[in-house]
Structures are given as structure tokens and as C-alpha cells.
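Work through the exercises below with the sequence and the 3D view at hand. Each task is followed by a solution in steps.

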Amino acid sequence: MKRATFVRVVMASILLGIVAGCATTGGGERAVPVIPAGKGVLVLEAGGIGELNSSVFDQETGKRVGQFYGLETYLEPGRYRVEVETDFTYPDLRRVVLDEIAIVEGQEKHVRVPVGRFMISVMQQSVAGGSQKVQLPFRVYDYGRKTVFLDRGMTSTRTKHFIVPVGTYKVELTPRVFSESGSHMEHIIKPIEVRFGSVYPLMLYLGEASKAQPSQQGE
């Protein structure tokens, strides 16, 4: 009888351990890091973007104290400026600047980064029929098309996301379209709306049978 009771107690302990482990790590939740003595943790919240390239500067002196690729880094207590790189080439938008970030020893500091993503896919209709994804150069402008924000973008035959500050922009492509009657240049300008926490997909179809059309926004 005592042996049966002991077995039941052991099994109950194992079950409780499993449940506790699931509660700690289940559901895709982020594991709480062990913070080293004398450090705090900076956590960048990027709306689903898995990794960012960032530099950290002392807020008072302006001296760069570190650089990291990811979303978290340990820092000594103090006030910092963080510059997060984007895919834009325009000097003022190549980095998103986060000022006055206060790091406290033994604590996490969560900071939201105002960036989002877009992707451009181009389907080219062939003369023989059918279509396939093609690579084409493109530019990104401000909405009024006065300033070039990304000078030499390139579409991809695979999934490729561009990380940029949230906002509304214009994309310009000038592909050469081939048909049975010859070829001609098309001038395509489409708006893209980049939001935090989502990917703006722009799908273009080239060819006689279909005009260039953007896809609907989605995840």
C-alpha cells in the first residue's frame, strides 16, 4: 500500500513538472533571459521582424558603445540612442533613430521600432503562353515622387522583404514587355503602404493579356 502511494506521488510530481514547463515555454512566448549582474536588457519590438541591425550610442557623449544584429542586447545602466538600419538608401531614412532609452540594472526595456515591410513580385507573361516570376529593378519615392528613398531595389523570384520606416510611398518600375507584335516599355507607378506588424505585398502582372495590377494588402 505504501509503495502504491509513493508511486502516485512521484507520478503527480512529474506531471506537475511537465505542466509547469509547458506554461513557461509553450505558446511561442519569449523566454525571460537571465540578466547578468550590472546589466539591463534592451528589447526591440519590431512587429514580427525577426532581426534588425542596430548601433547603440551613449546619449550624452554620442560615442558608439556597441552594435548588434537581432532584437536584444545587454547594456550597462544609462541612457542611450539606438539607430536601427533600414533598406532605404536616402541618408535621412537609412536609419530609424530611437532617443533617450533608459536602461535600468536587472530590468528589460522594451522599445517599439516604427518599421514595417513590403515585397514586390512581378509575373511576366511569355509569348508562348504561361507566366513566370522575373527580376526587375525598381525605385521607391516619397508619395509626391519628389525624393528617391530607394534607388536600386530589385524584385526577386523568391520571397524577399524590404524593411523601411512606416509610411506611404510610391514604387516605380519601367519594364520592357514582349509580345507577338514586338516589345515596348511600360511605366508603372504604384503606391505602397507600409505598416507596423504587417507585410505589404505588391504583385504586378506584365503582358498583353493582363495589365499591371497591385495585390490586396495582407500579412
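**Overview**

Of the 219 residues of the protein chain, 36% count as buried; buried means under 20% relative accessible area, exposed over 50%, and partly exposed in between, with a 1.4 Å probe and protein chains only. This is a predicted model, in which local features need pLDDT of at least 70 and side-chain atom pairs count only at pLDDT 80 or more, while totals for chains, interfaces and linings use all residues. Residues are numbered from 1 along each chain as its sequence is written, and side-chain values use heavy atoms, with hydrogens and water left out.

**Exercise 1. Describe the chain as a whole.**

Step 1. List the secondary structure: the protein chain has one helix and 17 strands. Helices (H or I, at least four residues) and strands (E, at least two) are DSSP runs, numbered from the N terminus.

Step 2. Look at the contacts, meaning heavy atoms within 4.5 Å. Among contacts with a separation of 6 or more, 55% come from residues 24 or more positions apart.

**Exercise 2. Find the salt bridges and place their residues.**

Step 1. A salt bridge here is a side-chain nitrogen of Lys or Arg within 4 Å of a carboxyl oxygen of Asp or Glu. The whole structure holds seven salt bridges.

Step 2. Take R79 and E100, whose side chains meet in a salt bridge at 2.8 Å, N to O. This pair links distant parts of the chain, with R79 in strand β5 (residues 78–85) and E100 in strand β6 (residues 95–103), 21 residues apart. R79 is partly exposed at 46% relative accessible area, and E100 is partly exposed at 43%.

Step 3. Go on to E83 and R81, which form a salt bridge at 3.1 Å, N to O. Both E83 and R81 are buried. A network of salt bridges links R81, E83 and R95.

Step 4. R195 is partly exposed, with 42% relative accessible area, and E193 is partly exposed, with 31%.

**Exercise 3. Is R117 buried or exposed, and what does R117 touch?**

Step 1. Locate R117 in strand β8 (residues 115–125).

Step 2. R117 counts as buried because its relative accessible area is 15%.

Step 3. Leaving aside residues up to four places away in sequence, the contacts of R117 include G47, H161, F162, R195 and Y200.

**Exercise 4. Which strands pair with β10?**

Step 1. Strand β10 (residues 137–142) runs antiparallel to strand β11 (residues 148–154), joined by four bridges. Two strands pair if DSSP finds at least two bridges between them. In β11, G153 stands opposite F138.

Step 2. The hairpin of β10 and β11 has five residues between the strands, and R145 takes a positive phi near 60° there.

Step 3. β10 also pairs with strand β13 (residues 167–173) in the antiparallel sense, over four bridges. V171 in β13 is the bridge partner of V140.
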